[in-house]
Amino acid sequence: MTAGVIAAMLRAGNVPERQECVVMTTPRENTRQVLVGGVPLGGGAPPVVQSMLTTSTQNVSLCLEQITALETAGCQIIRLAVESSRDLEPFGSICKNSPLPVVADVHFDYRLAVGAAERGAAKLRINPGNIGSRDKVRAVIEAAGEAGIPIRIGVNSGSLEPELKERADLRPAEKMALSAERFVEYFLSQGFEDIVLSAKASDVPATIEAYRLLSRKLPQIPLHLGVTEAGTIWQGSIRSAVGIGTLLAEGIGDTLRVSLTADPLEEIRVARALLAALELGAADQPTLISCPTCSRCKVDLIGIAAEVEQRLSIVKQPLKVAVMGCVVNGPGEAEDADVGVACGKGTGAIFAKGKVLYTVQESEIIDSLFTEINHALD
Ligand code: SF4
């Protein structure tokens, strides 16, 4: 389906239903693939993990330091705010030296988006609703077209057009979806197809509903998932897992950002765990399973599991690791684990694929586990 046909259908209110477009495939496979730097979004590519820098864009070395740390943790695309014309030159230096594709996050001033596109942005993120007139939005579209980069249209429940905000006949999710549809129609009418969409709310059910609507109404557009202002590590992880996880499990969503009031490294940890739980992603992440412990457990299993999780965070290969509290149920309950430990009284039986290899003292459990993990990774 071409951009012109889709734009005409949208204008006529003749929105293609998902069923018409799905032929033995999932929604994710139906989206049109766009490239962010070299990273593919959509078209059946595994969901891509993103985060946003917390460092000042004008501090180039600090930004590059944070990008490198995020890349090591498994981040695939990084976004940073371009707030004023003073940010443009450092933004260009960051793009030039970043190991990850860099997305420019721009609000209000279209000239910043144009400047970022000219200085090496791999993608622009704008909310056309706050960029201003159609002429200004068109200037951004033209700059992105010239640079050969995609644009994310980021609709947010808190910054809808006044006319939509006041519509009492629409639910918040419907307002966001309608806003996004209108912007997409305009972009397509300008011949610009490299679009990614997001429609975020801090309300989880509204977020889920908005993305379901978008996936049905604009099945060809890759979706950037997120629950905005999700909260602290504890609350934000749960809200994101429910919101983003529900959608990903339905096949909806091509990239995700877990928004946490925390170090962005935590966002990557949560995003990767979320993808691993759904067995999605680039198949480059380990899964840790650990028992909840009970009175049979005679070691500090909570401490052991926490350290194993920490040390696994830099492993970029698929591997299932089990940390179990007792030998009664441990290897049996975790028999599909590649490597694991089932603990006894101050000891740990190291096992692989359900078979016990040897037993060590509690103090040697973690190192022994990682010796076997390294063998499994070889
Ligand atoms: Fe309890 Fe053992 Fe099960 Fe852990 S594996 S919950 S210690 S029975």
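User: How many salt bridges does the structure hold?
Analyst: The count is 21 salt bridges, and bear in mind this is a predicted model.

User: OK, what about Asp105, which side chain does it meet in a salt bridge?
Analyst: Asp105 pairs with Arg79, at 2.5 Å from N to O. Asp105 sits in strand β5 (residues 102–106) and Arg79 in strand β4 (residues 77–81), so their contact ties together parts that are 26 residues apart in sequence.

User: Are those two buried or exposed?
Analyst: Asp105 and Arg79 are both buried.

User: And what does Asp367 pair with?
Analyst: Arg311, with a salt bridge of 3.2 Å, N to O.

User: Which residues are linked in a network of salt bridges?
Analyst: Glu163, Arg167, Asp169 and Arg182.

User: Switching to the ligand: what surrounds it?
Analyst: The shell includes Cys291, Cys294, Cys297 and Cys326, along with Arg296 and Glu333. By class, the shell residues split into five nonpolar, three polar and two charged.

User: How accessible is Ile238?
Analyst: Ile238 is partly exposed, with a relative accessible area of 42%.

Definitions and conventions:
Residues numbered from 1 in each chain as written. Predicted model: local features only at pLDDT ≥ 70, side-chain atom pairs only at ≥ 80, totals over all residues. Heavy atoms only, no water. Buried < 20%, exposed > 50% of the residue type's maximum accessible area, 1.4 Å probe, protein only. Near = heavy atom within 4 Å. Nonpolar A, V, L, I, M, F, W, Y, C, P; charged D, E, K, R; others polar. Salt bridge = Lys/Arg side-chain N within 4 Å of Asp/Glu carboxyl O. Helix = DSSP H or I, 4+ residues; strand = E, 2+ residues; numbered from the N terminus.
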